[in-house]
Amino acid sequence: MKLGFYVARRVLLLVPVLLGVTFITFALTRIIPGDPVALIAGPYVSPDRKAEIRRQYHLDDAFYVQYVDYVRDLLHGDLGTSLVSGISVQGELSRRFAATFELTTVALLIALALAIPLGLLAALKKDGWVDGAARILGTAGISIPVFWAGIMLSYLLFYRWKVAAAPFGRIDPQVDPPHHLTGVYLVDSIVTWNWRAFRSSVQAIWLPAFVLGFSVMAPVMRIVRQGMIEALDSAPATALRALGARPSSVIRHCLKNALLPVTTMVAIVYGYLLGGSVLVETIFSWPGMGLYVYNSISSSDFPAVQGFILYATTMYVVVFLLLDLLYLALDPRVKY
Amino acid sequence: MSNEERSEGAAPEVWEGPLDRRELLVKTAAIGSALAASGGLASQVAAAPRTIARAGRSSARKTLFVANYGDMQNLDPHTSSADTVTGDMLTNLYAIPVTFQVPARLGPSRIRYADPNKFRGQAVKSWKWNRNRTEITFTVRKGLQFPDGTPLDAEAIKFSLDRCLGVAAVGSFLFGMIGVTKPDQFQLLDSRRFKIVLPKPSSLLLGNMAMFYGSALLNPKIVKNHATRSDPHAQGWLKTHAAESGWYTLDKWDVGSGWTLAANREFWEPTRTKEIRFQVIPDAQQRELLIRSGRVDLALGIPLKDVARLRRDANLKVLSIPSRAVAWAGFDVTAKPFDNRLVRQAILYAIPYDTIMREVMRGQGVQLKSPIPKGTPNSSFRFWHYNTDYEKAKTLLRRAGYPSGFSAQLDIPAGNPVDEQTAAWIQQGLQKAGIDVSINKQPAAAFTGQLQAKKHKFWFSSQSWISINNDPLYHLYWLFAQDCCTYGKYQNPKVVSLVNRFVNRPLTDPARIRAVNEAQRIIVNDAPWVFLFQPPWIAVMRKNVKGFAYYSTDQFIRYADLVKT
C-alpha cells in the first residue's frame, strides 16, 4: 500500500515537472531566431498568404494564448503536427521511439556484457596487465569519436570484409519489416515468426549497437572495477575469506554490492541514450530520435522540438522511477 | 512567339505532340502496309517495337536502389518548397501539361540533355496560339486516366490549374508574372480542350508551366474526397499523400527510412524501371560505400571533394555537370557601409576567385561573372572587370572614405562545408584589403528566416538559385525586380524598368537582347552581389545504369528514363 502511494505520488509529481518543461520549451522555441512561416511558405508566397498561414497555425496569437492552446491540445493527447512534413508529431515520435529504444537497449546490453566482466577482471587483477588492458579499452571507448569509429568499422566490416550489413538502417530494403506490434523489429519478428525479418534486423543492429555500446561501456566498467575493489577490500569480504569461503563465493557476494552503483549509472546512461544519438543514427541511417530532433531544431519545427523535449523528460522521470523501485528490490536498507 | 517556336526558328503555329496509342497503331499499320512492298525497310520498322518491348520486360524485374541524403517533406506539389529530394519525387509522381524535349544525341559525359527552351506535350497532345497571341488552346491526349481510372481530361487539368491559383503559392506567382491571376482565365472548351487567356502576349507561358509548381495534375476525385470546409484544397492531406498522375505512384513511405515508387500502369509514356526504392542515408561517406559496393545503383548528395576519388572507380559513372545555378554573397545595399557602391566594388576586387574555384569547387562548376549564369541565353561575362586585385580594392576603399578599412559580419548557415570554406576564403581575401570580417554561423532555419525577412547585412549561402525558366529576363525578374527575392534590397530603377518592359517579349527580339545586356552591365557595375560560382550538379551511378537525361531547368531526375542493364 505504501509502495502504491509512493508510486502515485511520484507520478503526480510528474505533472508540475512536465508543465514547467512545456512552458520553458515553448518559450525557448519562440525566442530562437527563425520564422516558421518563412519555412512553411517559402520565399515565393505573397504577404497575404503568409499572413493566412500565420493565422492558420495560430502564430499570430499572443504568446500566452498559444501556450494555453498548446497545453489544452496536450491534455487531449495531441502533440501537434510537424510544420515541415505535416506529419503528426505523436505518430512520428512513437515510430522513432521504437527505433531508438531498440538500438539503445541492444547497445546497453552490449555495453554491460563488456563492462561487467572487464570491470570484474580488472578489479581481481588490479594493476596487472588485464587491468591495464581494460583501462586502455575504457579510455578508447571514451576518447575515440563515435563518428570515426562508426565510419571505420563500417568501412572495414561492411565494405572491405563484408561481414556486416549495409548501413541501410533497421532492416535491409529488400526485406519487408515485420508486422507492426510494438514497433521493435526484433520483438515483432520473433512474435510473428518472421525469421527473415529477424535475421535482417539482427544483422542491421549489431554494428551500430556495438559502436554506441562501446562508447558508454567505459564509465560502467570503471564503476564496476571501483565497486569491486572496495567490496573485495571490505570487512565482510575479509571475514568470508577468513572463514574459508571459496573465491567464487566471495566474488559473488562482492559483485552484488558492487553492482548497486552500476544500476544508477546504467539508468543515467539509458535515460540519456533514449534521447537518441545523432551521430550513430546519422552514420547508420537509423531513423531514431536523435536525427529527428536534430533536423527539427535545424528547421525551427516548433511542435516537433516541443514534443521531443516532453518525451525526453518523461523518459528520464520514468527511468528514474523504475530505478528507485529497483533499488527497493535490490537494497534491503531502502524503505518507503 | 512562344518558347518552342523561338528555339526552332520558323516552327509551325500548331505543335503536334506524339501520337495516341490508337493513332500510332493506325498510322503504323498504314505505313507498314505501304512499305511492305519495298521489302527490307518493312522488317526494320517491325523490328524496332519488339526490341523496346523486350527491354521493357527484362527491366521490369529489376528494382533501382537509390541512396538519398534526406527524406521527403511537403508532398503537395502546389505548395511544396521543393527541396531537392521532394522535388525529385514530385516530378515523377505528377504529370504536367507540357515538358521539355530531350534530343536523342548524347552530350558531354555521354548523357542526354533536355533542351530547356523546346517543349513537347506530356498530358496535352498539341497547342495553338490565337492570332494576337493572347490565347492558347491546348488539346489533351485521348483516353488518359489517373491510376484509379478517373479520366485525366481537360476538366481535370482545369481543376488542378484552378487549385494552383487557389492555394496562392509558387505556382500562382509563376502564372501571376504572365498576368494569369483568376481561375476564369483557364477556360474549359470541351472534354479535350482548354484555353488559357492572357492579358497580353507572353513568351514565358510554356516555360513557367513545365514544372509541377504551377502545373502538376492532381486527381480531382482524390483531392475532393479529402477536402474539408476549413481546408478546401486538401492541403493537409496532400502534405503526406499523393494524388498521382505521373510516371510513378507512391507505393510505400516509411518516414525517416525510405520510400518506394511503383510504375503507374495508366501512364502513357514508357517507364523503363518499374520499381524504385529510395533509402535515406544521411551520411555522405556511407552513401559512397553503398554505391561503391553496388548495394545501390544511384547515390545523390555526393560532396564535391569526393568526386575526384569516385571517378577512379571503374564501376561508377560520376556526373558533375555545370549547372545554371548561381551562388553569390549578398549585401544589404541600404545598410552602411554596403550602401556605397565603391565599397561593394572594393570587396569584389578583394575576393580570391581562383582559390575558391580551386579549393572549394575543386575545379568543377563555373566562376560566375554576371548576374545571368552561363548557359542562359544572352548571358554575357564581358562586363566583368573584378579580377582579384587587392591594391585596387584598397584604392577604392580610400575613395569611399574607408582608408583604414572597416569591420563586417558575414552570416552563413551552419553545417555546410562549402559555405564554411567559401566564407573563410572571403574572410582571408577581405583581410588583405583591410576589411576585418567575422563569420557568423547561424542555424539553417534562422539563416533562411533572416534571408527572407531581408535582415542580413552581408551573407553567403551556396544554396543557390536556379531559374526554372531558361530565360534571362525571367531570371532578372525574380532576383532584381521583385520584392520576394531581392534579399539585399537592390532594385536599380533602370534595371527594373528594362525587366518589366521586355520580360514577356520573345527571346530573339533584338531590343530585348539589348535590354538584357544593358541590365547585366548595370548590375555588374553596381556590384550588389559578390558573384561567386555556378556549382555543378553531382550524381554517382553504377556503370550499368543507362538512359539518364539531365534537365538543366530544375535538375530533377526523371527516373522513368533510367534502366539497369
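**Figure 1. Helix 11 of chain B lies across several strands in this predicted model.** Start with helix 11, residues 284-293 of chain B, and look at what sits against it. The helix lies across strand 2, strand 13 (298-300), strand 14 and strand 21 (536-542) of chain B. Relative to strand 13 of chain B, helix 11 runs at about 165°.

**Figure 2. An open sheet of 7 strands in chain B.** Here is the sheet itself, with mixed pairing and the strand order 10-11-12-2-13-21-14. Its edges are strand 10 (248-254) and strand 14 (316-322) of chain B, each of which pairs on one side only.

**Figure 3. Strand 2 and strand 12 of chain B, joined by 6 bridges.** Zooming in on one pairing of the sheet, strand 2 (residues 63-68) and strand 12 (residues 275-280) of chain B run parallel. Which residue of strand 12 stands opposite B:Val66? The residue to look for is B:Phe278.

Figure 4. Is B:Val98 buried or exposed? B:Val98 counts as buried because it has 23 C-beta neighbours inside 10 Å, and the cut-off for that label is 20 or more. Leaving aside neighbours within four places in sequence, the residues in contact with B:Val98 include B:Phe119, B:Arg120, B:Gly121, B:Gln122 and B:Val124. B:Leu206, B:Met209 and B:Ala210 are also in contact with B:Val98. For a distance to check in your viewer, take B:Val98 and B:Arg120: their C-alpha atoms are 5.7 Å apart, while the two residues are 22 apart in sequence.

**Figure 5. Strand 15 of chain B is mostly covered.** Of the 5 residues in strand 15 (residues 327-331) of chain B, 5 are buried. B:Ala327, B:Ala329 and B:Phe331 point one way from the strand, whereas B:Trp328 and B:Gly330 point the other way. Strand 15 has 4 bridges to strand 20 (residues 529-534) of chain B, and the two run antiparallel. In that pairing, B:Ala329 stands opposite B:Val530. A further 3 bridges join strand 15 to strand 19 (residues 458-460) of chain B, again antiparallel. There, B:Gly330 has B:Trp459 as its bridge partner.

**Figure 6. Helix 10 of chain A and the glycine that follows.** Helix 10 spans residues 235-242 of chain A and lies largely in the open, because 0 of its 8 residues are buried. Just after the helix, A:Gly244 takes a positive phi of about 90°.

**Figure 7. Where chain A touches chain B.** In this view, 40 residues of chain A are in contact with 38 residues of chain B. Helix 2 (36-41), helix 5 (89-124), helix 7 (146-160), helix 12 (278-283) and helix 13 (289-298) of chain A each supply at least two residues of the chain A side. Which of them gives the largest share? That is helix 7 of chain A, with 5 residues. By class, the chain A side has 22 nonpolar, 12 polar and 6 charged residues. For the complex, the predictor gives an ipTM of 0.89 and a pTM of 0.87.

**Figure 8. The two chains set side by side.** Chain A comes to 14 helices and 0 strands, while chain B comes to 20 helices and 24 strands. The C-alpha trace of chain A spans about 85 × 55 × 40 Å along its principal axes. Buried residues make up 40% of the 336 residues in chain A and 50% of the 565 residues in chain B. Among contacts between residues at least 6 apart in sequence, those joining residues at least 24 apart amount to 69% in chain A and 71% in chain B.

**Figure 9. Confidence along chain B.** Chain B averages a pLDDT of 89, and 89% of the residues score at least 70. Over residues 1-60 of chain B the pLDDT is below 50. Beyond near neighbours in sequence, this stretch has 59 contacts in the model. Where pLDDT is low, the predicted coordinates should not be read in detail.

Methods. Residues are numbered from 1 along each chain as its sequence is written. Chains are lettered from A and ligands numbered from 1 in the order in which they are written. This is a predicted model: local features need pLDDT of at least 70, side-chain atom pairs count only at pLDDT 80 or more; totals for chains, interfaces and linings use all residues. Two residues are in contact if their C-beta atoms, placed from the backbone, lie within 7 Å. Ala, Val, Leu, Ile, Met, Phe, Trp, Tyr, Cys and Pro count as nonpolar, Asp, Glu, Lys and Arg as charged, and the others, Gly among them, as polar. A residue is buried if 20 or more other C-beta atoms lie within 10 Å of its own, exposed if 12 or fewer, and partly exposed in between; C-beta atoms are placed from the backbone. Two strands pair if DSSP finds at least two bridges between them. Axes are lines fitted to C-alpha atoms, for helices over the stretch in contact, and angles run from 0 to 180 degrees between N-to-C directions. pLDDT is the predictor's confidence in each residue, from 0 to 100.
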